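Please go through the points below with the model open.

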Amino acid sequence: MDKISKEIIFSKETIQKRVLELAAQISEDYAGKEIIIIGILKGAFVFMADLIREISIPCIVDFARLASYGAGSDSSGKVVMTKDIETSIKGRDILIVEDILDTGLTMQYFVDWLKERNPKSLKICVLLNKRKRRKVSFKADYVGFTIDDGFFVGYGLDFNEMYRFLPDIYVININ
Ligand code: PRP
């Protein structure tokens, strides 16, 4: 059996502070508007729950479920949507909320999907921007933290569906 060790990379306090900053920026940028915030399940649910409670403009929330990783820490590269959004986004200002941007394949798939429905605007907010393994050029509009290669868990992020419940973000080593 694999031996997993983990160390905190972003504490609960550090995350909370950054979420407040992101929420303030988003509130300023969208002042006077109403936005639709779409979270990508499962990973984004914790971040999104914290973020929407700090944003000071009215928002509607929805979720899609997309998965790209197989079991373990390697991406299969194939994106599958198992739950679509339920809100009409035509002519609306959309903010996608995601836990981590890695190869970018999940986000590319979803952005292409949403663009076909003609939103007025489409922006991306990611908590973690992992630049090294990018396969498609994607730039998020709002980034919590930029990180190097490594496997991250906690605050919604999983390893084999474990650790999503941890309040801090950890990098794990698998031996
Ligand atoms: C993770 C993460 C992103 C995606 C990022 O989701 O939540 O959605 O991978 O990787 P990419 O940029 O290489 O596409 P995952 O497929 O593990 O599903 P989950 O959100 O249910 O954990």
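1. N118 sits in the loop between α3 and β6 (121-130). Its phi is near 55 degrees, a positive value in a residue other than glycine. Most residues other than glycine have a negative phi, and most peptide bonds are trans. Helices here are DSSP runs of H or I with at least four residues, strands are runs of E with at least two, and both are numbered from the N terminus.

2. On provenance: this is a predicted model, where local features need pLDDT of at least 70, side-chain atom pairs count only at pLDDT 80 or more, and totals for chains, interfaces and linings use all residues. Residues are numbered from 1 along each chain as its sequence is written, and side-chain values use heavy atoms, with hydrogens and water left out.

3. Check the peptide bond from L41 to K42. It is cis, with omega near 0 degrees. K42 belongs to the loop between β2 (35-41) and α2.

4. How do α1 and α2 meet? The axes of α1 (residues 12-29) and α2 (residues 45-52) come within 9 Å and cross at roughly 60 degrees. Axes are lines fitted to C-alpha atoms, for helices over the stretch in contact; angles run from 0 to 180 degrees between N-to-C directions.

5. V19, L22, A23 and I26 of α1 contact F47, D50 and L51 of α2 (heavy atoms within 4.5 Å).

6. Three strands form an open sheet in the order β1-β9-β8, with antiparallel pairing (strands pair if DSSP finds at least two bridges between them). β1 (4-10) and β8 (151-153) are at the edges with a single partner strand each, so one side of each has no neighbour in the sheet. Neighbouring strands are turned by 40 degrees against each other on average, direction ignored.

7. Three bridges join β8 to β9 (residues 169-174). F152 stands opposite V171 in β9.
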